[in-house]
Amino acid sequence: MATFHTHHPPEDCLNCEHRHLRMFCNLTPEALQDFDAVGIMMNHARGARLFSEGDTARNVFIICFGQVKISSTSRDGKTMILKIAGPGDVMGLSAVLANVPHEVTAEAIEPCQVKTIRKQEFIDFLGRHGIASMHAAQSLSSEYLTVFHDAKRLALSGSAAGRLARLLLDWGRSAANGRPDIKFTMALTHEEVANMAGTSRETVTRLLNQFRRDGWITIKGTSVTIVEPAQLERLTA
Amino acid sequence: MRTLESETQFGQITAARRPLTELFACTPAVQAILSAASQRIECSAGDAVFHQHEVCRGLYVIASGDFVRKAVRMKTHLKLGSVRAGEVVELAAALGDGRHTYTLSALTAGSLLLLPLSALQKAFAIYPPFRMHLLEELAREVSRAYLTCCIGQMSRRRRRGFLTAE
């Protein structure tokens, strides 16, 4: 989850102050110089669709700042949100490298800056730099575990409160990045959160209010702070 | 069960697993390095071949038997599926940061071939496309994971009526 959108967006990869925090972009000086020269930096408004499920995979996308909703849609137009991608996440990597159409749809849920690199340009870049292909492998590995983790969150937590608590903890810990305060920006609507937690919008609203009344979380606008993570953990058990 | 659009799409786009001969297609010199360095490991049912977070020794190819991949993430235990003879395991660790991303345990008695990291590194240096072959296979595995999870989740949510209209 993004907490970086209050910072100035990076103008290029060489001067990006967040680079050392990001898995893929934290490259050697030589690889970074080359990485800076490939692709283009693009700004996307909230709601912009970066790619759709079934589209031919022509580009790889690396999020510099902002959040992107990754979802899949059924024949009758129902949407399932798989995850929220944030700064440093690489999108479209599996489809580009496996040479298959995009498995999912990516849509900006807040203004985003995304580095977009053409498929062949990206593959050539990986071929030139061993460290970049190593980071690509780490990104794929992380994506692999995330996909399964999201599926299991729904399958394993018996109650709606437990599933919502697990979701909040995942987002909070991901944004905290090891810092003690567990705080994140929730750019999703209650309807979308309900979709991820496998429950109804009304239940999400009721549970968030209950967590807040109990002093387990605080909510200011879109900013959510988890005050009592142990209490939320207890619900997920 | 009704067919979902995504299932149909995924049916068309699912990335098939590459045969080992194609995956390990490289120059005779590289093949000689890999063959000379490979080690055979015998397992009994219940044995763990390696554990999550352990340092990865190399790439494993299942020769016989059934194995299961398990991972723990933020206190959630995940079963990532089974692997059988002819499959390659731990591409992510061998190509990535060198630590196992999951635990591999034997479900039945079986055996594996271990291609040590040092031999893989030599092979990558002599023949760089080999690394890309393996990275592409890892990408196929992720793509297949999306298929498995999307179909599973959609079926479950449909039964429970949790999908929301756009």
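Student: How many residues does the largest nonpolar core have?
Tutor: This is a predicted model. Within the largest nonpolar core, the residues with the most contacts are A:I62, A:V68, A:L140, A:L168, B:L135 and B:L138. The size of this core is 107 residues.

Student: Which helix gives the largest share of this core?
Tutor: The largest share amounts to 9 residues. They come from chain B, residues 129-160, which is helix α6.

Student: Which residues does A:L168 touch, leaving aside those up to four places away in sequence?
Tutor: A:L168 is among the core residues with the most contacts inside the core. With the sequence neighbours left out, its partners are A:I217, A:V224, A:I226 and A:L232.

Student: Where do the buried residues of helix α3 of chain A fall, seen down its axis?
Tutor: Helix α3 of chain A covers residues 119-128, and its buried residues are A:F122, A:I123, A:F125 and A:L126. An α-helix has 3.6 residues a turn, so residues three or four places apart point the same way. The buried residues of α3(A) line one face of the helix, because they fall within an arc of 155°.

Student: Turning to chain B, what percentage of its residues is buried?
Tutor: Chain B has 6 helices and 9 strands. Of its contacts with a separation of 6 or more, 79% join residues 24 or more positions apart. Out of 166 residues in chain B, the buried share is 37%.

Student: Which strands are the edges of the open sheet in chain B?
Tutor: The sheet has 4 antiparallel strands in the order β1-β8-β3-β6. An edge strand pairs on one side only, and in chain B that applies to β1 (39-43) and β6 (88-89).

Student: What is the bridge partner of B:Q39 in β8(B)?
Tutor: β1(B) pairs with β8 (residues 110-116) of chain B in the antiparallel sense, over 5 bridges. The residue in β8(B) that bridges to B:Q39 is B:L114.

Student: At about what angle does helix α5 of chain B run to β8(B)?
Tutor: Helix α5 of chain B spans residues 117-126 and lies across β3 (58-64) and β8. Its angle to β8(B) is about 50°.

Student: How is α3(B) oriented relative to α5(B)?
Tutor: In α3(B), B:A29, B:V30, B:I33, B:L34 and B:A37 meet B:A119, B:K122, B:A123 and B:I126 of α5(B). The two helices pack with axes 9 Å apart, at an angle of about 180°. Angles over 145 degrees count as roughly antiparallel, so α3(B) is, relative to α5(B), roughly antiparallel.

Note on methods
Residues are numbered from 1 along each chain as its sequence is written. Chains are lettered from A and ligands numbered from 1 in the order in which they are written. This is a predicted model: local features need pLDDT of at least 70, side-chain atom pairs count only at pLDDT 80 or more; totals for chains, interfaces and linings use all residues. A nonpolar core is a set of buried Ala, Val, Leu, Ile, Met, Phe, Trp, Tyr and Cys residues joined through C-beta atoms within 7 Å. A residue is buried if 20 or more other C-beta atoms lie within 10 Å of its own, exposed if 12 or fewer, and partly exposed in between; C-beta atoms are placed from the backbone. Two residues are in contact if their C-beta atoms, placed from the backbone, lie within 7 Å. The arc is that of the directions from the helix axis to the C-beta atoms. Two strands pair if DSSP finds at least two bridges between them. Axes are lines fitted to C-alpha atoms, for helices over the stretch in contact, and angles run from 0 to 180 degrees between N-to-C directions. Angles under 35 degrees count as roughly parallel, over 145 as roughly antiparallel, 65 to 115 as roughly perpendicular and the rest as oblique.
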